[in-house]
Every structure is written in structure tokens, then in C-alpha cells.
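Work through the following exercises with the sequence and the 3D view open beside you. Try each task before you read its solution.

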Amino acid sequence: GNTVASGEVIPARLMAMDPGVATGAIEGVRTVEPAFGLDAWWIEPGQKPRAESLNYTVVEPSSVMATHISEIIKRHADELLTREEVSNLVEQLKQQSAKLVESTIPSVIGLADLQKVLQALLREQVSIRNLETIVETLGDWTPRTKDVAVQTEYVRNALKRAISHQYATVREDGKHRLSCVTLDPGLEERVSGYIDRSGDATVVTMPPRLASELAGLVAESLSPLTAAGHTPVVLASPAVRGVVFQILEPHIPGVAVLGYNEVVQGVEVESMGYVQWPESKPKAPSREAVGAA
């Protein structure tokens, strides 16, 4: 019964969205595309040819609604994944990997623990379709750590090829390129100082003021990336990756934080920004150096 999103459509018109490359103005009712926040206009159907000639993306109202609903479901997928749904997924996995399920669930991995890891993955838009790999990885690492954040990092490492390709673009030569911003090692060290893993859970003790300051610095560095039409991707060391996402997620919609270990061989890294605390200004590495790393 709680509202998570809302929007309006004009059924008799079409939505013309400016993806950032529109070359002229059009007449219509100004609005905002609800799924991605793009500038848009509701135009008369007869204006469609002109709008497309000016590089606007024109879609039907039904497509606007479908895309909006789809994106809302993705953003809240972790809330929709109930214990009952996890049980159903395990039953499906048992049909193809019976031995794996018998040896791990629930003797090594409880349904509640599996649900928490799957929810953590969905919260960062990581597909859980490859449940076999997820359960295998948890079967290896759950006896060593009960920290869900740490378990999730091991699972992400096992899914690194899918994660890399999810955010990389395919160049004309068929190779993958990951456009992102990177973090200064000094900044990562400072973030690490606010991480407490002494118990069975990762606790972040960074004051809200510093968290907002960090998010502002990252958002500024991400501007050239988003202006070029790329997903806002931040590349960080595995030790702080999850915490960096936790800090940035409330401030930067759609942000993705990947660990260096999640970039598979064959994916070229293009750093379009370098984030550092104002008091330390070390020389930023070249794109070639980051790509080699």
C-alpha cells in the first residue's frame, strides 16, 4: 500500500525524449521521462517525423508505462524476493543440480542467509539467474564467514564476467570497454578507516557529513560519464567496494560500484574521472595505466 513511484501519461500523444543529442526544440507538453529522468515532451502524433529528425527518441504511452514499471521492479527486486520465493528458486535448482542442493542447503547455507545474499545482489542490479554458481560459492565461504557483506563480495567475484559485461559497451572491433571513474588510494584508505568488521556484520561508522561530501565529489567526477550517455560506474578496490556503494547509493541514482577484481580479462578500462579528498592531490594515473591495472 506504499507508493514507490508515480507518473502521468497523455494517451492521445507520444513521448519525445531528448537522449542528450537533440539538435532543436519541439512543441509539446514538457515532462520528465519517469524511468531515467530524461527531459521529454508529450507531442502530437503528427510531430513524430520532425522530432525523430531532430534526434529525439519517440515512444508510445504504453511503452513509457511498461519501461517505468520494469525499472521500478528492478529497483525494488530485493524487497520482492521473499523467503517463499527463495524456496521456490532452490526447488528449481534442485531439478538440475540435486547433489549441490543436498550438500549445501540447509546444512551449510540456511534459506534466510541465502535470501540475504540474493537481496544484496539484487540491490545492486546483479542478476541472480546463475543460482548454481551463487550456491556453490556460498557453500565454499559460508563456513569461513557469517558476514553477509563479505559473502556477497565472494559471490560477486564468482559472477565477475556477467558483471563486467553488464556495464561495458561493445566497440566496433567487438571488444568491451568499461567507462568509469576511479578512486584515489588515499581516499579508499580513509573510507577503510570507517569500516568495522570485528563481528559477524560489516558496520560503517562514517559520519553523515563526510558521506555526503564523498558522494558530492564522486557525483562531480561522474558528470562527464553520464553526459556521454554512460551508466555512472565507479571502480574501487574490493576491500571498500561494498561500503562505497552503500555511501553513494542514496545520493547518486543508478550508480554502480565495481571492484577491480570484477573486471575480467579482455575488458578495457577507460577512466573518465579521478576522485580524491581535497586535501591530498596526487597525480592522477593515465588512462593507459588504469587500463593496464
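**Exercise 1.** Does asparagine 55 count as buried, exposed or partly exposed, and at what relative accessibility?

*Solution.* Begin with the kind of model: this one is predicted, so that local features need pLDDT of at least 70 and side-chain atom pairs count only at pLDDT 80 or more, whereas totals for chains, interfaces and linings use all residues. Residues are numbered from 1 along each chain as its sequence is written, and side-chain values use heavy atoms, with hydrogens and water left out. Next comes the scale, on which buried means under 20% relative accessible area, exposed means over 50%, and partly exposed lies in between (1.4 Å probe, protein chains only). Asparagine 55 has 37% relative accessibility and therefore counts as partly exposed. As for its place, asparagine 55 sits in the loop between α1 (48–53) and β4 (57–59), where helices (H or I, at least four residues) and strands (E, at least two) are DSSP runs, numbered from the N terminus. Its phi is positive, about 75 degrees, although asparagine 55 is not a glycine.

**Exercise 2.** Which residues of helix α10 (residues 185–192) are buried, and what covers them?

*Solution.* The buried residues of α10 are Leu187, Glu188 and Val191. They lie on the same side of α10, because the arc that they cover around the axis is only 100 degrees; this arc is that of the directions from the helix axis to the C-beta atoms. On the other side of α10, Pro185 and Glu189 are exposed. The cover over the buried residues includes β6 (176–183), β7 (195–196), α11 (208–227), β9 (233–236), α12 (241–248) and β11 (267–275).

**Exercise 3.** Which side chains form polar contacts with the side chain of threonine 202?

*Solution.* First locate threonine 202 in the loop between β7 and β8 (203–204). A polar contact is a pair of N or O atoms within 3.5 Å; within protein, one must be able to donate a hydrogen and the other to accept it, and residues adjacent in sequence count only if both atoms are side-chain atoms. The side chain of threonine 202 has such a contact of 2.7 Å with that of aspartate 147, and another of 3.3 Å with that of arginine 197. If contact in general is taken as heavy atoms within 4.5 Å, and neighbours within four places in sequence are left aside, the partners of threonine 202 include Ala149, Val150 and Val243.

**Exercise 4.** Where is the peptide bond from isoleucine 105 to proline 106, and what is its omega?

*Solution.* Proline 106 lies in the loop between α5 (98–104) and α6. The bond from isoleucine 105 to proline 106 is cis, with omega near 5 degrees.

**Exercise 5.** How many helices and strands does the protein have, and what share of its residues is buried?

*Solution.* The secondary structure comes to 13 helices and 11 strands. Of the 293 residues, 40% count as buried. To complete the overview, the C-alpha trace spans about 65 × 50 × 45 Å along its principal axes.
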